[in-house]
Amino acid sequence: MQKHPDEDWLDEVPENDIDKDEDDEIIWVSKSEIKRDAEALKDLGAELVDLGKNALDKIPLDVDLRAAIELAQRIKKEGRRRQLQLIGKMLRQRDPEPIQTALDKLNNRHNQQVALFHKLEQIRDRLIDEGDDVIAVVLDLYPQADRQQLRSLIRNAKKEKATNKPPKSARQIFQYLRELSEESE
């Protein structure tokens with residue numbers, strides 16, 4: 001069998017002499033992993049849709065993604081599911097890391113605020129139950145607090161509690177503590 005003149009170039013091609021770098025390894029991803037990643041991005045999109053308008057402004061989103069999220073917030077039932085799938089698909093084409101980071105910061109801020117409110121409720125309850133001993137603790141935490149106003153509110157809250165009236169003064173104590181904590185920040 002004779003070689004055709006056009007086939008000479010095949011003799012010069014090395015067969016298994018391909019330069020392989022260790023960095024150029026092919027990483028195989030299973031179909032299940034791809035589906036899990038897509039589902040995670042769809043869940044991230046659902047979290048974004050559940051956010052309010054003000055919170056959504058604090059997250060770095062491009063115009064198309066923001067428009068899709070705002071549309072999903074207005075849609076109900078089956079259309080919403082399809083819109084969430086579209087948002088998940090749009091997120092696959094973007095880097096979700098900055099979005100997830102901003103969302104985590106928002107959630108953390110919310111959790112910190114809830115923890116602060118629980119702490120203030122506990123202080124309020126201690127003020128009503130124990131009275132003057134706890135006022136010193138409050139004054140240590142918030143030096144700008146007015147001792148006389150606190151005593152008046154505590155006295156009214158104890159009277160309301162004894163006569164089974166609505167806890168108006170207890171709410172006022174909580175509100176006052178909250179204002180003090182906001183001033184101290």
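The largest pocket holds about 330 Å³ of space. The model is predicted. Domain 1 (31-94) and domain 2 (108-184) both contribute lining residues, so the largest pocket lies between them. Two helix pairs are also described below: helix 4 with helix 5, and helix 6 with helix 9.

**Lining of the largest pocket**

- The lining of the largest pocket comprises 15 residues.
- Nearest the centre of the largest pocket are L106, R109, H110, Q112 and Q113.
- By class, the lining divides into 5 nonpolar, 5 polar and 5 charged residues.

**Where the lining comes from**

- Helix 6 (97-130) and helix 9 (168-184) each give at least two residues to the lining of the largest pocket.
- Helix 6 supplies the largest share of that lining, with 8 residues.

**Helix 6 and helix 9**

- The two helices that each supply at least two lining residues also have axes that come within 9 Å.
- The axes of helix 6 and helix 9 cross at roughly 130°.
- Angles over 145 degrees count as roughly antiparallel and 65 to 115 as roughly perpendicular. Helix 6 is therefore oblique to helix 9.
- Helix 6 and helix 9 make a right-handed crossing.

**Helix 4 and helix 5**

- Helix 4 spans residues 63-74, and helix 5 spans residues 77-92.
- Helix 4 and helix 5 pack with their axes 9 Å apart, at an angle of about 165°.
- The crossing of helix 4 past helix 5 is left-handed.

Technical notes. Residues numbered from 1 in each chain as written. Predicted model: local features only at pLDDT ≥ 70, side-chain atom pairs only at ≥ 80, totals over all residues. Heavy atoms only, no water. 1 Å grid on protein atoms, 1.4 Å probe; cavity = no way out; pocket = protein on both sides within 12 Å on 5 of 7 lines; lining within 4 Å. Points joined across faces, edges and corners; volume = space filled by probe spheres on them. Helix = DSSP H or I, 4+ residues; strand = E, 2+ residues; numbered from the N terminus. Nonpolar A, V, L, I, M, F, W, Y, C, P; charged D, E, K, R; others polar. Domains from an automatic or database assignment. Axes fitted to C-alpha atoms, helices over the stretch in contact; angles between N-to-C directions. Left-handed = near helix turned anticlockwise from the far one by under 90°. Parallel < 35°, antiparallel > 145°, perpendicular 65-115°, else oblique.
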